[in-house]
Amino acid sequence: MAIVDGWLDWAVRHPGPANKVYVTPNEQRGLVCHSAEGYNPSNFHELDRPDRAASWHCTNSLDGTFYQHYPFSASCWASGNYEANTRFVAVESEGVVGVDGPLNTLQVDNMLRLVHDLPFFPVRKSTLWEHNEVATMWAPNAGPTSCPSHRYDPFFAALEDDFMSLLTPDQQRKLLLRLFAGSEFPGDTDQQKLDRAIAEIDAGGTVQSLNDVSLSAIAVALDAHPGIDTSAAVQARVKTALENAAKDL
Ligand SMILES: [Zn+2]
């Protein structure tokens, strides 16, 4: 699954009006999550209306159909202000919070597929946002919103479980090397650095001796070395540090 010329090769194309975008191309530095608070017939009617200043890249349907309306290079009118709209891609999930509740499993699966394909690593409040978090971050803006009303919580939880799978083997390797930068010996090859990093973890005592950033490496190594014992508190710090370290992979 991939993005070809700005379009997902697995999404159903349902183009929106060509003029409902900014001239400025989208920087594609992140994703903003929205709740449509409605159902597709009316959602698509709003998208097509020339007199309604609203547009978005994708619609994540309750039945599992995933629509794309604009290429990701387009800057849609979705997230409440110019900066958010020209930096981030916008996805609307079909449904109404008071009726449908959180995203269903089909919608969560679609979101995971989406962030696997988008050209940035999904990190909450860095490259992955809720509409309410960016709506008033820049001015002028359209005012505060409660959107998406926690409807994406199951997706965020699934994303945590899916965290390592979002990294390619090469990215996992790069991350581990980056976290252990400084602990390698001069002249080591990458493979030697990697072997040394894993050996350090295997030797035990690493959790106490390494700084917060290097702790993140343990999370990477946990996948390959499930026997390593770390406390819940350490695990929590590992998760935060790992997310920070992964931001610009
Ligand atoms: Zn919204």
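Me: What should I know about the model and the numbering?
Reply: The model is predicted: local features need pLDDT of at least 70, side-chain atom pairs count only at pLDDT 80 or more, and totals for chains, interfaces and linings use all residues. Residues are numbered from 1 along each chain as its sequence is written.

Me: How many residues does α4 have, and what does it reach end to end?
Reply: Helix α4 covers residues 105–117, 13 residues. From first C-alpha to last it reaches 19 Å, close to the expected 18 Å. Expected span is 1.5 Å times one less than the number of residues. Helices (H or I, at least four residues) are DSSP runs, numbered from the N terminus.

Me: Which residues in α4 are buried?
Reply: Gln107, Val108, Asn110, Met111 and Leu114. Buried means 20 or more other C-beta atoms within 10 Å of a residue's own; exposed means 12 or fewer, partly exposed is in between, and C-beta atoms are placed from the backbone.

Me: Where do they sit around the axis?
Reply: On the same side of α4, because they cover an arc of only 160 degrees. The arc is that of the directions from the helix axis to the C-beta atoms.

Me: What is phi at Ser149?
Reply: Positive, about 55 degrees, though Ser149 is not a glycine. Ser149 is partly exposed, because it has 18 C-beta neighbours inside 10 Å.

Definitions and conventions:
Helices (H or I, at least four residues) and strands (E, at least two) are DSSP runs, numbered from the N terminus.
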